[in-house]
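Here's a quick tour for anyone opening this structure for the first time. Take a look at the picture, then read on.

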Amino acid sequence: MALIRLNNQSISSVTALPSGIDVGKVLQVVSDISTTKTTCSTTSLTDVADLGVSITPSNSSSLIYVTIHLAGMRRVSGSNYFRIELHRQVNGGGYSQAEVFENGFLYSGSALVQSSAYTNTWVDDHNQTAQLDYKVQIK
């Protein structure tokens with residue numbers, strides 16, 4: 001097994017990085033999992049059932065990394081497609097679209113049954129210290 005050393009010290013005895021090395025910090029992690037089936041229409045956005053998170057940034061310059069993973073998506077008829085959007089509200093002020101993740105997912109132009117999973121990440125440079133709420137909508 002290789003021994004990793006930093007400033008000629010074993011990694012277990014390092015308590016700080018050398019001066020001049022600026023690193024970011026992960027201050028908070030929030031997550032949510034939904035196992036509830038969501039049925040959507042082709043005409044209006046629908047909240048993904050039981051899926052949403054809230055976070056209150058400690059600094060207005062903090063970056064929020066939002067990752068979504070949707071699995072088991074299925075289209076059973078028509079030539080429509082999925083639209084996947086992330087919505088955010090600031091301090092309870094009402095949700096608005098933050099990002100369109102996908103507009104055309106699973107499109108084939110036929111009535112075939114299709115099933116898939118989708119993952120994407122978005123960075124929110126929010127400039128807020130108020131509570132931020134996120135939810136995913138699909139149609």
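One cut-off to start with: a residue counts as buried under 20% relative accessible area, as exposed over 50%, and as partly exposed in between. Keep in mind that this is a predicted model.

**The overall build**
- You'll find eight strands here and zero helices, so the pattern along the sequence reads β-β-β-β-β-β-β-β.
- The protein has 139 residues, and 24% of them are buried.
- Take the contacts with a separation of 6 or more: 66% of them link residues 24 or more positions apart.

**A spot on the surface**
- Leu 63 sits in the loop between strand E3 (46-55) and strand E4 (64-75).
- Its relative accessibility is 42%, which is why Leu 63 counts as partly exposed.
- Leu 63 also belongs to a nonpolar surface patch with Tyr 65 and Val 123. Together, the three have about 300 Å² of accessible area.

**A spot inside**
- His 87 is part of strand E5, which covers residues 82-90.
- Is His 87 buried or exposed? With a relative accessible area of 8%, His 87 is buried.
- The side chains of His 87 and Glu 85 are joined by a polar contact of 2.7 Å.
- Leaving out residues up to four places away in sequence, His 87 touches Leu 45, then Tyr 95, Ser 96, Gln 97 and Ala 98, and also Asp 133, Tyr 134, Lys 135 and Gln 137.

Terms used:
Residues numbered from 1 in each chain as written. Predicted model: local features only at pLDDT ≥ 70, side-chain atom pairs only at ≥ 80, totals over all residues. Heavy atoms only, no water. Helix = DSSP H or I, 4+ residues; strand = E, 2+ residues; numbered from the N terminus. Buried < 20%, exposed > 50% of the residue type's maximum accessible area, 1.4 Å probe, protein only. Polar contact = N/O pair within 3.5 Å; in protein donor to acceptor, adjacent residues only side chain to side chain. Contact = heavy atoms within 4.5 Å. Patch = residues over 30% accessible without salt bridge, like charges linked within 9 Å, V, L, I, M, F, W, Y side chains within 5 Å. Areas by Shrake-Rupley, 256 points an atom, 1.4 Å probe, with all protein chains shown as cover. Salt bridge = Lys/Arg side-chain N within 4 Å of Asp/Glu carboxyl O.
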